[in-house]
Amino acid sequence: MAASAAAGSALERLDAEALDLVLRRLDAADVGRLAATCRHLQRATRTGQHAAHLWRSHCAALLGELPVAIVSRAGAAAARAGTWHRLYCSARTMDAAHWSPGAPAPSQLAWAPGGAGACHASPPGALLARTGHTATPAGRLLVLVGGALRDGPAGASMNVAVLDVVSRRVGEPRMHGPAPPPRRHHCTVAVSLEPGSPLHAQLLGAVHAAAAAHGEALPAGAAGQRDDAACAGSTLLVMCGLCPDGAEAGGGELHALWLAPGGGWGVWHRAAAGGAPPAPRAYACAKAVSGGRRVLLYGGCVGGSLEGIVEADVSEVGGYLLLCVYVLDANDLTWRREPTRPLGEPPRPGHDMAGPSTCPGPRKQAMCCARASPVTGHEELVVLGGCGADGLASYVPYALDLTTFIWVKGPVLGYLPAARDAAALMRVTRDWLLLLGGVDARGQPRGDVQRLHLPTLAWKPAPLLLGAGGGDAGRGARPPGLDTVDCTATCGVVVGGSRQGPYGDAILPRLEVLLPGPPIPFDGALEEPPDALGGVFAHQRLARDDDGDGDAWQLPAAAAAACHCGSCCGCLAARAAAGCGGGNCGGCRGSVCGVLPGWPEAGAAPAAAAPPDAAAAASAASGPGSGQPAKHAAAPTADGLAQRRPAARSSSEIEPVECLGETTCGAARQRAEAARQWAPAPPARASGRDLLLQALAAAAVLAVGLLLCLPAMRLQAALE
């Protein structure tokens, strides 16, 4: 006890900046454990001077730079530590997500200064009207490459656009060098350059030549040297794809796209790749692994059929047929054809595929991502969905160990999304993937959002999807562009896509932002934390003291902020800060509020606030004997709006909150009594008589069982 007191006093002597420095060096889970054992640390992580910056840094490590930059524009909400804490906790579980109001409409975008697109007659948002493209993150920017543009040439284009969602700008960088042929449904991956490698040498020469010929400013490298300009920018590799004439591009046709920091200008360069490149194909999937030093290519089709891919990717090894993937050393520009094997199932000679139950087989339009195996620690390639030889493939995940090249099949029991085509896959965190949209076998748009837990390769029930205004859209509800398919989803940003219309597919300029957790207000006028606005996230309860006497009931901070009675602890603290003498003035007397505050029903009419007795009478009037169905019980709140009674939640799901003040009064006890009326009744305890009857019934069952077994025991004894 003395040691803990000494440690607490030592922490209290630290200033805010030193304490923030200590907390930022810890993982978020360790910060939570420490805050649970020390009140001083809990105050520092909740309401400290640098609490918002602390949780913002944890969100950046979990979600990435772009989603955090989008939330940072929320104004007053972004300055609160609670906003970032809720965003972090929601991203860890992905139980809910929302379409953020921070996403600009395509018509609100402006041209990026200095880009080549400012001279176009079409609006900036027209660059987002594309399908069959790729979207690759480069810091806070999204690089859109190729695809079929609504306002572009027929078939496909190799247009390059740089989208900055945070500053609401889009532009076309000034590109130099020979551009590759137009294509769509291609693969684009971001790679990391190693100084002195063949790719680095080729790009360095191309960047210096373009800068000298067109007067572009070379960016400084990591060490401030101009000859390291290639490593200072972003390098993307473009491969495969479908050309306008219907021909497919091969993996030997590698095109490197280098972009300067900020996306103002860039260079196209055709890289000469050797080894065993993949055959020409479209609708393949590629992923950069090993820190961007290797690229894996899987699947695809030739002429819309899998026959050519089967001939190219299935090899006979030792008399067995094995599926092969292609591995590219990004810096040495060398392709390698790697056979894969199923786990625990020997290949069978003459079969179409070795180990069909644990190997995905050749597919087109499949989606992939990388993960670290929780068992071996090896990096793995996870393959999902697509179209196989028998039509749409199921969404049972397959994981390929990139060290042993052995396939592992995910769980086939439990929840599994419906098979679909033209869906989008978005990596939210290290542990969660989101599957958006797509069309089923009948061509109908799915329009839902599903989630995959990567460590276990198990699909979980669809997350609760909320609108930008906080409305509850339901589990797996359809997003705003519910009938938009063939879009891209990267770092929370959904771009482009097409919609089936009466005259064919129409390409749309879609731009949406999907973020975890309850909606975050972006207008800056709301003073409430987001969990007071988010439908099911407004299930706030009054927390009672451990002694159970009801004398220390405390109102949660969010509920107290919404309270206007003037006599609860939150109101007293607010009035004390404002210089008011107390909470017994004027219209504060006798009002009851703060009882399970929540978001009102759409279109609900204001009603006069009722005391707890009136609420109980209304509840009794709608009971079983009244003949009136009691679907949802309405509880009085501060603003007089009738609320639905939220679903009961366990104590582990309720986030601990701190009271705004230490004052308890008669009004707080009245609210506590009102909350008891609306809280679920505790399970009744069994009396001594009931326990005795249960014991007698169990003894009777046991006696009957023994009597039934006695003849059999006698017969066995006689036979022996």
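Biologist: How many buried residues are there among the 32 residues of H15?

Modeller: This is a predicted model. The count of buried residues in H15 is 0, and the helix is hardly covered.

Biologist: What span does H15 reach from its first C-alpha to its last, and where does a kink lie?

Modeller: An α-helix has 3.6 residues a turn, so residues three or four places apart point the same way. Helix H15 covers residues 688–719 and reaches 47 Å, close to the 46 Å expected at 1.5 Å a residue. A kink of about 30° lies at Cys709, shortly before Pro711.

Biologist: Which strands pair with S18, and in which sense, parallel or antiparallel?

Modeller: In a regular strand the side chains alternate between the two faces of the sheet. Strand S18 (residues 334–339) pairs with S13 (residues 274–275) in the parallel sense over 2 bridges, and Gly275 stands opposite Trp335 there. With S17 (residues 320–329), S18 pairs in the antiparallel sense over 6 bridges. Asp329 stands opposite Thr334 in S18. The hairpin of S17 and S18 has 4 residues between the strands, and Leu333 takes a positive phi near 55° in this hairpin.

Biologist: Is Gly102 buried or exposed, and why?

Modeller: Buried means under 20% relative accessible area. Gly102 is at 1% relative accessibility, so it counts as buried. Its place is in the loop between strand S1 (96–99) and strand S2 (110–111).

Biologist: Which residues is Gly102 in contact with, leaving aside neighbours within four places in sequence?

Modeller: Gly102 is in contact with Arg73, Arg168 and Phe522. The C-alpha atoms of Gly102 and Pro521 are separated by 8.3 Å, with the two residues 419 residues apart along the chain.

How values were computed
Residues numbered from 1 in each chain as written. Predicted model: local features only at pLDDT ≥ 70, side-chain atom pairs only at ≥ 80, totals over all residues. Heavy atoms only, no water. Buried < 20%, exposed > 50% of the residue type's maximum accessible area, 1.4 Å probe, protein only. Contact = heavy atoms within 4.5 Å. Pairing = 2+ DSSP bridges. Expected span 1.5 Å × (residues − 1). Bend = angle between axes of the 7 residues up to and from the residue.
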